[in-house]
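Let's take a walk through a protein fold, one stop at a time. Have a look at the picture first, then read on.

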Amino acid sequence: MRPLLFTLFTLFSCSAQATDVAAIQHAAQQWLDLSLANSTGVPSYQLSKIDSRLQLAACKQYNVGLPSGYRLLGNTMLRIQCVDGASWGINLPVKVSLLVTYYVAARPLPANQEVGSGDVIAQQGDLGTLPGSVILDPVQAIGRTLNTAVAAGKPLRQEMLRAAMVIQQNQKVRIIYRDNGIEVANEGIAMNNAAEGQSVRVRINNNKQIVQGIATATGSVDVSD
């Protein structure tokens, strides 16, 4: 009788273990599906299988997330912890792909050139294999100036680009003072180059006073009290 009882106990334990492993796998898949639902591009993933020989105590509820320092892209890791019924935790490797449209140089582009609409073309690829700062929207590149030369077909990256200067040093500029809904205009000479949104110092023509404001897309300077 004892061998039979041992056999039944072993079968029950293996069945329970198999159920636990399947539940863990399902919890990880659900978390991935939910987390990637609103991703840029078309997501897909390859989730590693949990070794069925892994001995884990029964668990009623799992907490799934990314370990510290990991991101949900490329070869990464999920951390699955039991938060009800036991106190174990495991790491589960996963490869996450995001098929995106990104932009590359349509031709060799020299440094200090302003990027035009004809200078970029769209490509598709896995964001997990591309530089993290790759341009995904042509608006991020067109009208900006290249810091460095870019070979044809190479991805454009955010750090390669700088905003175009809307104000040049010694340029005559219009100054707009804003205070409680009241606007007063004046003119002056810019004392430094500035892109949109950057700070610019202006020497006012009539009294040589120097004021500081923010360069606008139209080339004027906003000064707010």
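Predicted model: local features only at pLDDT ≥ 70, side-chain atom pairs only at ≥ 80, totals over all residues.

Five strands close into it, in the order E9-E10-E12-E13-E14, and their pairing is mixed. Strands of a sheet pair through backbone hydrogen bonds, either parallel or antiparallel. Within this sheet, neighbouring strands are turned by 50 degrees against each other on average, ignoring direction.

Now zoom in on one pairing. Strand E13 (residues 210-215) runs antiparallel to strand E14 (residues 221-224), and the two share two bridges. Isoleucine 214 sits opposite aspartate 222 in E14.

Next stop: the rings. The structure has one aromatic pair. The ring centres of tyrosine 62 and tryptophan 88 are 5.9 Å apart and the planes meet at 45 degrees, so this pair is called tilted. Where do the two residues lie? Tyrosine 62 is in strand E2 (residues 61-65), while tryptophan 88 is in the loop between strand E3 (74-84) and strand E4 (89-105), so the pair ties together parts that are 26 residues apart in sequence. Buried means under 20% relative accessible area. Tyrosine 62 counts as buried because its value is 19%, and tryptophan 88, at 12%, counts as buried as well.

Finally, look for proline 131, in the loop between strand E5 (120-126) and strand E6 (145-146). With 30% relative accessibility, proline 131 counts as partly exposed. Proline 155 is 24 residues away from proline 131 in sequence, yet their C-alpha atoms are 8.3 Å apart in space.

Terms used:
Residues numbered from 1 in each chain as written. Heavy atoms only, no water. Phe/Tyr/Trp six-rings, centres within 6.5 Å; stacked < 30°, edge-to-face > 60°. Helix = DSSP H or I, 4+ residues; strand = E, 2+ residues; numbered from the N terminus. Buried < 20%, exposed > 50% of the residue type's maximum accessible area, 1.4 Å probe, protein only. Pairing = 2+ DSSP bridges. Axes fitted to C-alpha atoms, helices over the stretch in contact; angles between N-to-C directions.
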